[in-house]
Every structure is written in structure tokens, then in C-alpha cells.
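Biologist: I have a model open and would like to go through it with you. Can we begin at the ligand?

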Amino acid sequence: MGWGGGFGGGGGMFGGSASAASGRAGLPFGGIPSELMDEATKLLASEPEHPKSNVHFTQRPSEKERERLTLPNLIKVYPKWVVSGSLLVIITALTLQAGPLLTEFAIKNGMEPGHRDLKVIAACAIIYLVLALVSVYFQRLQVDVTGKLSSRVMHDLRIRVFTHFQRLSLDFFTDEKAGVLMSRMTSDVENLQQLVQDGISQFALQGLTMIVITVILFKTNVELAAWTVLLIVPLLFVFTVWFHQASEKGYLLARDRIALVLADLSESLYGIRVVTANNRQKRNIRNHRHVVGAYRDANIYTGRVNAIYGPSTLMIGILGQALLLGIGGRMVLDHQLNIAYLIAFFLYLNRFFAPIQLLVQQYNSLQQGRSSIIRLRELLEIPPTVDEIANAVTLPAIEGRITFENVSFGYNPDTLVLHDVNLVIEPGESVAFVGPTGAGKSTMAKLANRFYDPTSGRVLVDGIDVRTVTLRSLRSQLGVVPQEPFLFAGSIRTNLRFGDLDATDEDIETAIDVVGLRELVDRLPDGLDTPVHERGQTLSAGERQQLALARAFLARPRVLILDEATSSLDLRSETVIERALDRLLEGRSAILIAHRLTTAQRADRIVVIDDGGIVEMGTPRELLKLGGAYATMYDAWLASGGRDATRAGA
Ligand code: ADP
């Protein structure tokens, strides 16, 4: 239903023909050429089957859905992947570091005088090779496992956030920018994906590698290990952290400044006529030189940072080697160290560099992932302002009496837009709300089906406070036809099914006849299966309203809330819609937010709302006789030739 009231299914929209697909893409469809038909059939056959999943949705989140969003909570759902991923990381870290140990063993036991043995050397070489292959294989497995883990975790997270959106109340979507929400769903989720896929495993792998190397070094020779690990590693670490921060700053600067360059460029190009006509060339060049110069400076800065880091790390490496050579060489002479160990030290020294650099780099992605998780957690922890109470009951089938009892309401509690409103709409009665724009008519309607809750007072349906029943049972009995009906991507048929997912084809045909859309459907190439383009822009305003009425007809609500379109319809559409409305209102209670007084005149009762309060109430005849606000509005409307009632009244 409209106004974002129900986001039920929408399944089946991919079941359509290829022409429907091209229609969605906005292309004219000429049919699949016969020579391609076989290929197309094959392709369709190879499409994975997505069985209809059973979606459970309740307004109140389950215990599991309320769980705090943290990385451990997210991944613990897949213990198998987490455990195997961790094991693979450990195995990879261990096997990767066996090389220098083997070299050391081969020198000691195969090359030294007295121990010359080609077999030992060959065995070491073969084991080296095998271990290298094993570690490559395990690394492949590990990437595969973390890839699977991250895809699943992100899938769950996306669904969780989306489900949360379905629970939130209207005020949230009014206050939050859609763009911001989109970025939560894209960049924040992607940051997390990056983290689970690469970040954590790389962080663990590199950290573990450093630990493994450190342990091996200390086990080999404590003194030499202390020199290497306590001098070289901190030096390299501090330097890498500096580099990372400096280059990050440089890249951000360059990114911002290139944006300015491009903005200036595009403005000058688009505005070239104005530039030429006003002789602004010189000034423009000066301006452009300024932004391009700033960009150049940012690039020079980044270049300088790189120029410092590369050669300096090389220097630290060489310093380390010199240190090892000097101290280790002396130890060899003093017979404190075997030469084979010294060589292993040399080999391990170089292996410190990559992990440190990767660790620092991954630290950044850990940070980004962390802030993304915090932002997503904040989003998930926003409670719906209109929520179900814990023991909400199902609203039984209603007769349709709507009562506003001392209702006051403000979107912002400080400024009330409705003041102490009292109104009873009897079952089967249609009531038209009329009054100037901004008077509070739509607000009254929004309170009836609980898009908002009154600030004080109560709204009752058949004498039951709407706050005590489940939202689903309430809204399924109150149908809403919004002013600008929203059409979803899909065919006319799937859009109509929105009203009732179980509607049969016959029901849909009847609805089409009732709202007067038969002629349109017959005219369309694929009839009911014709796709509606982006938000129904290919349909006229009248046709969109008719579709919304057909949806409501299918939903068969006990109470209908209709916000009439303000945009004027042509006379024919207006007649058709009025006829449709008459059918729709038969036996139903209705709130009609009437913009045309013809609609108001057909209602059983008119309620004139002004400045958040009811100023007049009665049958159309009574109000005209009364000669008050409605009568004035009516006269003005007649005089203006029957245009928009709200404007006539304002
Ligand atoms: P009507 O339907 O009679 O034209 P509304 O009920 O839409 O008037 O609006 C009543 C008042 O509430 C207006 O002053 C309007 O500006 C304000 N209003 C409507 N919607 C919102 C909203 N989502 N947030 C804040 N103020 C709103």
C-alpha cells in the first residue's frame, strides 16, 4: 500500500518475459532473434534457482535481532569458517617461515667441514620447495574461506539493516537523508566486508609472522636477536607509522584538490559562453592556475614523503645488516655463534619488513571497519518511534469506527500542529477533510493508521486504542491511497498485487474494471504484464491514481484513507476516478482528504480543519446552509471554475 505502509513482497517480478526485462531497462523491445533463442534458453536454464524464502517479519525484533552489533557477534554465526580460517592463517604463517631454518640446517649439516653431505642439502631443498607449495595452497584456501565468511556476514548484515529500515517509523525517513542511509548500506558495509575478508586475516597473518620470526631468532641466539628485534624493528615500525600518516594526509589533500580542479574545469567549460561574453578569460586562467597549483603542491608533498620513506627503509635494512655483520661476525670469531645461524639471521631480517608495512596498512582498514561498525550499530539501535507494545494484541475484524479523542500532535513536540481534536467517524461513513494547505488534514490521517502517535489524547478504532494492537493487524484493515502513489519496478500486475499478495488473476481483472483502467490495459502491448517504468513516469497522473485505487480495492480494507491528488486531472479522468471512488467507498468508512470540492460534496460528512483544529462539521447541505467557512470556500471554488479546493479556501 502507499505511503510506505507495506513493503510486502514484490517477488515474481523477475518471472516476466524478456520483453519485461528490456522494458525495465527503458529500451524498446524487438523480441529475441531466433538465432539467439537457443542461447537465451540455455542461459535461463543455467540461472540459479532462488527458492522463495520464508521471510519472518515482526514489528518487534527477536532476541537475536536485538543483539548488539559487534564484529565477534557477526562472525560467530559461522564458527566453522572462523575456526578453519584461523587455522589456515596459523599454518600459513608457520610454513612460510621455515625457509631460513632449512637453509641454516642445510649449511650446518650439509656444508660445514666434517658435515659435507649432498643428501642433506637435497632433502632440505626439497622440503623447502614442498613447504612453499603447501603454504601457497593453504593461503589459497584461507583466502577462499575468508571470502566466503565475509560474503555471508555481509549478506546477513545487509538484511539486518534493511529489516531495521522496515521497522522504523515515518519520522526517521523524513529526518534522515536518503543519501546518508544509502552510504551506510554501501560504503560502511563495504568497509566491513574489506575488514572481514582481508583486514583481520592479514593482520593476524602478519602479526603471527612477526611473532614466529621473533621466537625463532631468540631461540637461535638471544644477544643477536635482541639487537635485531629491539633496535631495527622499533625503528622500522615508528618510521612506517609516520609514513602512513603523512602519505594518508597527502592523498586526502590531493583528492580534495583534484576535486576543486575538476569543478573549476567543468564550470569553465560549461560556462564558456558567459566567460567569453564577459571577457573573463584572464581571470579564469588565474583562478585555474591557483587550483591547479594547489593540486601540484599536494602531489609534491606526497612525492616528498615517498622519497623519504623508500630510501630510508632501505637504509634501516642496510643498517641492520651491517649491525648483524659486525656483531654477529665477532660472535662467530669468538665461537659464540655458528655461521649458519648468522645467515639465517640475515634471511629473517629481511622478512620483518613486509609484515610491518602490511600491519600498519591493515591497521588503517581496521580503524575504518571499526568506525563503520559503530555507525551501523548506532543506526540499528535507533528505536522506531511508533512501536508495538510488548503484549500488543491482534486487532479483530473491525466495523470501522474511528475516534479521535482529545488529540493533540506536533511533529516536533514543541510546536503542535493539531490542538485537542475530537471526532468520531461512524462505521461505513465517509468523511471529507477540507481546509487550507498546512491545516493538518494529512496529519489527522497519519494518526489514524499510526504513522505517528498523538502527543496527547487517543486514537481509537472500534473503541480500541491503536497503540495497543499490532501494527500489522491495524494497517491491514486501514487502506491508504496516497496523493502521489508510489509504483515499484515491475509490471502493472505486480504493482497491483501489492494490495493483496494472494489476489487471483480474476480479482486483478475485476479491480482493473472497477477503477476504469480496462481501456489502458487493453491498449498496452503486454497488458497487465507491461512494466511500469521508473516510478510510473510513463503513466499519466490520473492513471497512477487509478492504479492506487485498484490496489486499495484489492486490499479490501475496512477503512479507506484517501489523500486526493492535488494536481488537477482532466475532466474525463476525474469522472472515471470519481466513479471508481464511489465503488470503493461502498460500505466502508473513509477519510477523504479532499482537494476538489466535488469529492467533498459526495462525502457523508464534511469536517473543515483550520490551523490544527476542527472549525466546522456537518453534511455538505448543512454546511452550505450554515454559510460559514465551508460555504465561503465553496463559493470561491465555484467562482474559480472548480479548481483546487485548498487554494480556493486559502
Ligand atoms: P494539510 O494536509 O492540511 O495540507 P499537513 O497535515 O500536511 O497539512 O501539515 C500540517 C502542518 O504540519 C504543516 O504546518 C506542515 O508544515 C507540518 N508538517 C507536515 N509534515 C511534517 C513533518 N514530517 N515534519 C514536520 N512538520 C510537518
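This is a predicted model: local features need pLDDT of at least 70, side-chain atom pairs count only at pLDDT 80 or more; totals for chains, interfaces and linings use all residues.

Biologist: Which polar side-chain atom lies 2.5 Å from an oxygen atom of the ligand?

Modeller: One that belongs to Ser 442. There is also a polar backbone atom of Gly 438, 2.7 Å from an oxygen atom of the ligand.

Biologist: How much of the ligand does the protein bury?

Modeller: The protein buries 63% of the 560 Å² that the ligand exposes when taken alone.

Biologist: Which residues surround the ligand?

Modeller: Thr 174, Tyr 411, Val 417 and Tyr 452 are among them. The run from Pro 436 through Thr 437, Gly 438, Ala 439, Gly 440, Lys 441 and Ser 442 to Thr 443 is also included.

Biologist: Which element gives the most to that shell?

Modeller: Helix H14, with three residues.

Biologist: Where does H14 lie?

Modeller: H14 covers residues 441–448 and lies across strands E1, E2 and E4. The angle between H14 and E1 is about 120°.

Biologist: What is the strand order in the open sheet of four strands?

Modeller: The order is E2-E1-E4-E5, and the pairing is antiparallel. E2 (418–425) and E5 (464–465) are the edge strands, each pairing on one side only.

Biologist: What holds strands of a sheet together, in general?

Modeller: Strands pair through backbone hydrogen bonds, and they do it either parallel or antiparallel.

Biologist: Back to this sheet. How many bridges join E1 to E2?

Modeller: Five, with E1 spanning residues 402–409. Phe 409 has Leu 418 in E2 as its bridge partner. Five bridges also join E1 to E4, again antiparallel. There, Phe 404 has Val 459 as its bridge partner in E4.

Biologist: And how many bridges pair E4 with E5?

Modeller: Two, in the antiparallel sense. Leu 460 stands opposite Asp 465 in E5. E4 and E5 form a hairpin with two residues between them.

Biologist: Which residue in that turn has a positive phi?

Modeller: Asp 462, at about 50°.

Biologist: Change of topic. What is the order in the sheet of six strands?

Modeller: That open sheet runs E6-E9-E10-E3-E11-E12, with mixed pairing. Its edge strands are E6 (478–481) and E12 (613–618). From one strand to the next, the twist averages 20°.

Biologist: Do E6 and E9 run parallel or antiparallel?

Modeller: Parallel, joined by four bridges, with E9 at residues 559–563. Val 480 stands opposite Ile 561 in E9.

Biologist: Which strands does helix H20 lie across?

Modeller: E3 (430–434), E9 and E10 (589–593). H20 takes in residues 571–585 and runs at about 155° to E9. Another helix, H23 (residues 629–639), lies across E3, E11 and E12. H23 runs at about 95° to E11, which covers 605–610.

Biologist: Last one, on the whole chain. What does the domain assignment give?

Modeller: Domain 1 is 4–45 and domain 2 is 71–380. Domain 3 is made up of 393–477, 560–572 and 587–650.

Biologist: What distance separates the centres of domain 1 and domain 2?

Modeller: 44 Å, taken over C-alpha atoms.

Definitions and conventions. Residues are numbered from 1 along each chain as its sequence is written. Side-chain values use heavy atoms; hydrogens and water are left out. Domain bounds come from an automatic or database domain assignment. Two strands pair if DSSP finds at least two bridges between them. Contact means heavy atoms within 4.5 Å. Axes are lines fitted to C-alpha atoms, for helices over the stretch in contact, and angles run from 0 to 180 degrees between N-to-C directions. A residue is near a molecule or strand if one of its heavy atoms lies within 4 Å of it. A polar contact is a pair of N or O atoms within 3.5 Å; within protein, one must be able to donate a hydrogen and the other to accept it, and residues adjacent in sequence count only if both atoms are side-chain atoms. Accessible areas come from the Shrake-Rupley method with a 1.4 Å probe; for residues, only the protein chains shown count as cover.
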